[in-house]
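Me: I have a model open on my screen and would like to talk through how it is packed. Could you help me read it?

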Amino acid sequence: MPQFAVRLAAPDLRPWLGGNCGIAGAWSFTAPEPGPHLALFALTHGNEIAGAIVLNQMLSAGIRPQRGRLSFVFANLDAFQAFDPENPIATRYLEEDLNRLWGEDRLRGARNSREMRRVRELLPLVESVDVLVDLHSMLWPSDALTLASETDASISLGLALGTPRLTVADPGHSAGRRLVDHARFTAPGSTAAAVLVEAGQHWEGATVDAMAQTARRALGHYGIAGRAPAPLPEPPVLARVTETVTATSHNFMFLREFRGGDIIPKAGTVIAQDGAREIRTPHDDCILIMPTPVAPRGHTAVRLARFEAP
Ligand SMILES: [Zn+2]
């Protein structure tokens, strides 16, 4: 693994550890005026501290909803507390990825990791959320993007926020369901919406700024707090995942260095080798979504996507 520079300091979350709604690290405020329940999540991955900086700023500023309900959630607090800038990739999670545990089988099953217990703790809150914005950042070079599960409500949310400019409709990972894939947001007939914002590189100041902008736009868009968002200079762009490439061997390798957001013009271009299997682009103008140069077996190595009219 290369060395990654850590240009952000982990925020002091001690004031927020207790929470105010019976769940550690979760703060929830209800306005007298009715309205949707909007939740901003950070630290779903414990080392993605940019999101924690943004929520710390918003909580410190005393932002309260003028209608509906507004929740701020620091998800994987235990992993965050183990964050070490000398080894920043070590604390994405402690025992297992908190963002693969949101399927009903796991929620109701016998699995009992620290992350699984935390997910069960957060579940009652998640089940009351109408709009969820989960703030993430990325390890490998990539353009910023918003991942939405494939429901109309979630895709519309990504496009309405419009920053990052690209929203990708994405069915998720074979390794398990993400928070945004939870039944609250994906069950047939559900109108609740959820997006996962990949705002930039993990430990860069620009990522904090991008996340803060997205969070403010979400609050304004739903009339929860602040002004309605101003129109963006460029219209939003939509793409849909056409293939999720999961590493099936121990030696998955891209044929060259790719950056997330790269577009491969020709269908059938070989982009990676997975043991004996060649990975080819399934169509022209194939967008590479978050290629992961070091993809362990069973993990997503890259998603392939195609532009679509919004
Ligand atoms: Zn993440």
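Me: Thanks! Where does Ile 89 lie?
Reply: This is a predicted model, where local features need pLDDT of at least 70, side-chain atom pairs count only at pLDDT 80 or more, and totals for chains, interfaces and linings use all residues. Residues are numbered from 1 along each chain as its sequence is written, and side-chain values use heavy atoms, leaving out hydrogens and water. With helices taken as DSSP runs (H or I, at least four residues), Ile 89 lies in the loop between α2 (77-81) and α3 (104-108).

Me: Is Ile 89 buried, exposed or partly exposed, and with what relative accessible area?
Reply: Buried means under 20% relative accessible area, exposed over 50%, and partly exposed in between (1.4 Å probe, protein chains only). Ile 89 is partly exposed, because its relative accessible area is 32%.

Me: Which residues does Phe 72 contact, leaving aside neighbours within four places in sequence?
Reply: Contact here means heavy atoms within 4.5 Å. Beyond those neighbours, Phe 72 touches Gly 25, Ala 26, Trp 27, Phe 29, Leu 40, Leu 55, Met 58, Leu 59 and Ile 63.

Me: Which residues of helix α5 are buried?
Reply: Helix α5 spans residues 152-161. Its buried residues are covered by elements including β4 (131-138) and α7 (205-221). Just after α5, Gly 162 takes a positive phi of about 70 degrees. The buried ones are Ser 154, Ile 155, Leu 157, Gly 158, Leu 159 and Leu 161.

Definitions and conventions
Helix = DSSP H or I, 4+ residues; strand = E, 2+ residues; numbered from the N terminus.
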